[in-house]
Structures are given as C-alpha cells and as structure tokens.
Amino acid sequence: IDGLRAAIGTPLGPLCEQLRLTDIDAGDRLNEISFDLCLGEAGRIPTMTDIGRLMATHLEPGDPLRGWATDLADGVIDMSLAGHLTGSIDLVIRIHDDQGGGRFVVADYKTNALTKYGHIASPDDYRPPRLAEAMADHDYPLQAVLYSVALHRYLRWRLPDYVPATHLGGVVYLFLRGMTGPEVAVSHGQPHGVFNWPVPPALVSSLSDLLDGQPVAELVS
C-alpha cells in the first residue's frame with residue numbers, strides 16, 4: 001500500500017507537465033484500451049528490420065533508444081509481420097494546453113526490479129540512464145511505438161481536427177518500484193522511476209503506414 005501511494009504521488013515528468021497519477025481526472029484518462037491492428041493489408045508485408053530502419057531514420061542521434069533501433073535495423077530480429085496484432089494500452093493521459101486542446105500521452109506500468117542482486121535498493125537504480133537500459137534490454141521501445149500507432153489510429157478516428165504533431169504527446173514508462181513519491185530524485189529534469197520518451201509524431205504516422213503495407217518514403221529513398 002505504501003508503495004502504491006508513493007507511485008501515484010510521483011510527478012510523471014515533462015511530457016505530462018509534472019502531473020501525478022492522482023492529479024489526472026477520470027475525463028482525462030482512458031484505462032486498459034484494447035486494440036487490434038491489421039498488418040500488411042495494403043499489400044506489402046512489413047518486417048522488423050523495416051521498423052528498425054524507420055525508427056533509426058526518425059530518432060535523433062542523442063535519443064537514448066536510438067542504439068536499440070539501429071540494432072533492429074541491422075536485423076537482430078528477423079521476422080515478417082502479417083495478420084492481426086492484438087494488445088492493450090495500460091493508460092492514455094490527456095494533457096491540456098492553454099489553447100483549450102490537448103496532447104495524448106501513452107503510459108505503461110512496469111514492476112521491474114532494477115537493483116542489482118545482493119545490493120540494497122537505491123533511487124539511483126531508477127535514474128534515467130538505467131531506465132533507458134531496461135527499456136532496451138526488454139525491447140520496450142517496440143511496444144511503445146506499436147502502442148503509439150494504436151493511439152494514432154484511434155485519435156484519427158475520434159478527433160475531427162486530428163494532427164499527429166499537435167495531439168501525439170509521446171510515451172511514459174512508469175517503473176513503479178522507482179516512483180518514490182512527491183520528493184522523488186530528479187536528474188536533468190527527469191524524475192527517477194519514470195522514463196519520458198518523446199516519440200516523434202512523424203515516426204508514428206509513417207510506422208502506421210508501414211504496418212498497413214503502404215510504401216514508406218523513408219525506406220524507398
């Protein structure tokens with residue numbers, strides 16, 4: 001109970017304007033959104049290597065997960081994708097802006113214990129670089145971009161004025177064991193225990209086309 005109380009009281013970082021889970025009203029959150037994505041319907045069967053190449057094209061050199069994307073582009077997972085992809089997004093958060101609109105952020109809960117075996121748990125176990133390592137080790141970047149595509153398609157369906165660059169707000173991965181409450185340690189503006197990843201909206205829309213089987217300019221050129 002103490003751990004859950006601390007987690008829901010921890011600031012979520014810059015993508016969520018430092019809001020805590022306890023600050024998010026019921027009207028600004030969607031819980032456990034199930035989705036089905038049809039793959040390759042437009043004719044071209046995408047591959048995992050294609051996804052990696054697309055991600056490596058869009059991610060900046062300083063992005064902490066670009067190395068993971070580069071490995072994927074080099075064929076570390078050799079697999080074609082077809083049929084249906086089914087999943088469930090833990091949480092989508094609407095972040096309001098001054099113009100009365102809002103951005104939508106994908107959130108995913110993780111209970112990974114990142115303390116090394118035999119060591120006493122420390123807030124530094126959940127500092128941003130360590131979270132980036134955990135993301136890559138468990139292939140969470142792939143999960144994150146697939147969830148982002150699902151959100152992209154949902155918003156495209158539900159928002160008449162939908163613009164990816166305006167409405168897609170990135171991804172936060174909530175490593176609950178490192179979320180220690182309002183006084184959580186912060187490194188370079190990032191609260192420990194929360195991995196903020198501003199996934200480029202152009203990557204999300206291009207990946208949606210790729211998964212649909214459409215030609216993608218970044219891969220054709």
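Does Asp50 count as buried or exposed, and at what relative accessibility? Asp50 counts as buried, because its relative accessibility is 5%. Here buried means under 20% relative accessible area, exposed means over 50%, and partly exposed lies in between (1.4 Å probe, protein chains only).

The model is predicted, so local features need pLDDT of at least 70 and side-chain atom pairs count only at pLDDT 80 or more, while totals for chains, interfaces and linings use all residues. Residues are numbered from 1 along each chain as its sequence is written, and side-chain values use heavy atoms, with hydrogens and water left out.

Stay with Asp50. Asp50 forms a salt bridge with Arg53, and the closest N and O atoms are 3.8 Å apart. A salt bridge is a side-chain nitrogen of Lys or Arg within 4 Å of a carboxyl oxygen of Asp or Glu. Both residues sit in helix H2 (residues 48–58), three residues apart, about one turn of the helix. Helices (H or I, at least four residues) and strands (E, at least two) are DSSP runs, numbered from the N terminus. Arg53 counts as partly exposed because its relative accessible area is 35%. Arg44 joins in too: Arg44, Asp50 and Arg53 are linked in a network of salt bridges.

The whole structure has eight salt bridges. One of them pairs Arg5 with Asp2, with 3.0 Å between the closest N and O atoms. Helix H1 (residues 2–8) holds both partners, three residues apart, about one turn of the helix. Arg5 and Asp2 are both exposed.

Another salt bridge joins the side chains of Arg103 and Glu17, at 3.3 Å from N to O. This pair links distant parts of the chain, 86 residues apart: Arg103 is in strand E3, and Glu17 is in the loop between H1 and strand E1 (29–39).

The structure holds one cavity of 30 Å³ or more. On a 1 Å grid over the protein atoms alone, a cavity is a set of points where a 1.4 Å probe fits but cannot get out; lining residues have an atom within 4 Å of a point. The largest cavity contains about 50 Å³ of space. A volume is the space filled by probe spheres set on the points, and grid points are joined across faces, edges and corners.

Which elements build the lining? Strand E3 (102–110), helix H5 (140–158) and strand E4 (168–175) each supply at least two residues. E4 gives the most, with four. Residues lining the largest cavity include Phe104, Ser148, Leu168 and Val204. The lining has seven nonpolar residues, three polar and no charged. Ala, Val, Leu, Ile, Met, Phe, Trp, Tyr, Cys and Pro count as nonpolar, Asp, Glu, Lys and Arg as charged, and the others, Gly among them, as polar.

Notes
1 Å grid on protein atoms, 1.4 Å probe; cavity = no way out; pocket = protein on both sides within 12 Å on 5 of 7 lines; lining within 4 Å.
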